[in-house]
Amino acid sequence: MRKIRILWTDDEIDLLKPHILFLKEKGYDVHTASNGDDAIKLVNEYNFDIVFLDENMPGLSGLETLAIIKSQQKNLPVVMITKSEEEDIMDSAIGSKISDYLIKPVNPNQILLSIKKNIDTKRLVTKETTQAYQSEFAKIGMQINMANSVEEWKEIYKKLVFWELEIMESTDSGMEEILRMQKSEANLAFTRYIKKNYLSWFNEKMDQKPMMSPNIFKEKIFPRADNNETIVVILIDNLRLDQLRIIQPIISEYYSVVEDELYFSILPTVTQYARNAMFSGLMPLGIDDINPDLWLNDDEEGGKNMNEEALLVKQIARMGKNYKLFFEKILNVRAGKKLVENYSNLFNYNLVVLVYNFVDMLSHANTEMEMIRQLASDDAAYRSLTLSWFQHSNLMELVKLLSEKKLKIVITTDHGSVRVHNPLKVIGDRHTSTNLRYKHGRNLNYDPKEVFEITDPSKAHLPKSNVSSRYIFASGTDYLVYPKNYNYYANYYKNTLQHGGISMEEMIIPLVTFEPK
């Protein structure tokens, strides 16, 4: 393994021999220069890991030398050493993207710390993260084995997402694999929990049941709108907890978290069911009973989520509220830009609901477009694409503008998605739903041990298109494939992002309330 190579440039380099000897004894390969010209030549000759640069030198100054080095190797860490604490010098150095600066006289430990901060950080983070997760691994395992409540499953999922993001920052691929295995184990146990308890959540006498899709506006949004102030609900379709955690630090530059919660999506975890339930305040069977003109079954023609605003208006009226509602779906860049340009119009409403479809489109593109499959080949890459979108989106512009006007925002979603790997055979007729994570129909043939089956949809408050209709749900990383051309479709959909079934990623949903700083 190559030693870390350091260049130290100072016009009084001879006086620094004790420091240089100290670094060499620590195992570093140290090169020296006494002026900027020599430093530039050495940078071009050797592959340095870090440069220490005196600010005040005859000939080329430290800042001039820095500018030339950065023009040639912009990612090379440079630490400025100066006698001066004058603000303009520091501003110039920082503006030139130095990695650190030290004030003379420096001692060896300061130099060592700067090296560790700028070079060893990745290795140290990996080491610390690995040790921390190893100590938590057994505890999380015990929690998974013993979890028997919605709150325990929320806590497990939050911990797994936390470690997923921590380990992502490290370089320990072994730990990544161990975490994936633990997450898979958790999803198996979570599926057993859902199979055992899901139907009981619809029992009015049941005490321990989660907040679910139909309760969101009644319990979390309407009470805030009742204060006669504008509350902005931003629903990012198909946004998982890990994706929200990735973009949350950017939002936190402008907003503070008031409430950070999780709720449970209903089954099936798809827009047609989960989001319609959220906006209507009703389970799908209730929508079909009360507003049959606003509900379409799986086997009926037409868009399944075209009536969301109408469903929300009816829920508001049913609750006896008198809100002035603004509702808009942002389906493309043009619509997002137009909303930002006219954002001041939002102040005329006390309930603003905005639906952004980018993440859902990204997950579908992961199936349909080879280029996106390559770009989002694993969950870390998928999160990275989500982050990049958000950083450069009209939504980010809107968040900034809303914070300046001191408007509270709620960011949530309707369901998540999971990366599938294991195909299961299922047989259905031409009226069977086409989703890969659930099937709804009357002539379904499957192995009951492999799925969660609901033979009486009314018990789950789901409509049925036929008297003998039933629902089945895939879980974990399973996906449902017909026997016809089985191998082709099993391979085509493998490692794609899907939703509709049972997993923590699909069912345990973030709901975060922010207030402007």
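This is a predicted model: local features need pLDDT of at least 70, side-chain atom pairs count only at pLDDT 80 or more; totals for chains, interfaces and linings use all residues.
How many bridges join strand β3 to strand β4, and in which direction do the two strands run? Four bridges join β3, residues 50–54, to β4, residues 78–82, and the two run parallel; within this pairing, V78 of β4 is the bridge partner of V51.

Residues are numbered from 1 along each chain as its sequence is written, and side-chain values use heavy atoms, with hydrogens and water left out.

The protein chain comprises 20 helices and 18 strands, and its C-alpha trace spans about 90 × 55 × 40 Å along the principal axes. Of its 517 residues, 52% are buried, that is, under 20% relative accessible area with a 1.4 Å probe and protein chains only.

Strands β3 and β4 belong to an open sheet of five strands with parallel pairing, in the order β2-β1-β3-β4-β5. Because β2 (29–33) and β5 (100–103) stand at the edges with a single partner strand each, one side of each is left without a neighbour in the sheet. From one strand to the next the twist averages 20°. Helix α3, residues 62–72, lies across β3 and β4 and runs at about 175° to β4, where angles run from 0 to 180 degrees between the N-to-C directions of axes fitted to C-alpha atoms, for helices over the stretch in contact.

Elsewhere, helix α7 (residues 150–168) and helix α17 (residues 379–391) have axes that come within 11 Å and cross at roughly 90°, and they are therefore roughly perpendicular to each other, a term that covers 65 to 115 degrees. In this contact, meaning heavy atoms within 4.5 Å, E164, L165 and M168 of α7 meet D379, A380 and R383 of α17.

A last stop is T496, in the loop between α19 (486–493) and β17 (497–498). T496 counts as buried because its relative accessibility is 0%. A polar atom of the T496 side chain lies 2.6 Å from the backbone oxygen of Y493. Leaving aside residues up to four places away in sequence, T496 touches N366, T367, R373, V418, R419 and V420.

Note on methods: Two strands pair if DSSP finds at least two bridges between them. Angles under 35 degrees count as roughly parallel, over 145 as roughly antiparallel, 65 to 115 as roughly perpendicular and the rest as oblique. Buried means under 20% relative accessible area, exposed over 50%, partly exposed in between (1.4 Å probe, protein chains only). A polar contact is a pair of N or O atoms within 3.5 Å; within protein, one must be able to donate a hydrogen and the other to accept it, and residues adjacent in sequence count only if both atoms are side-chain atoms.
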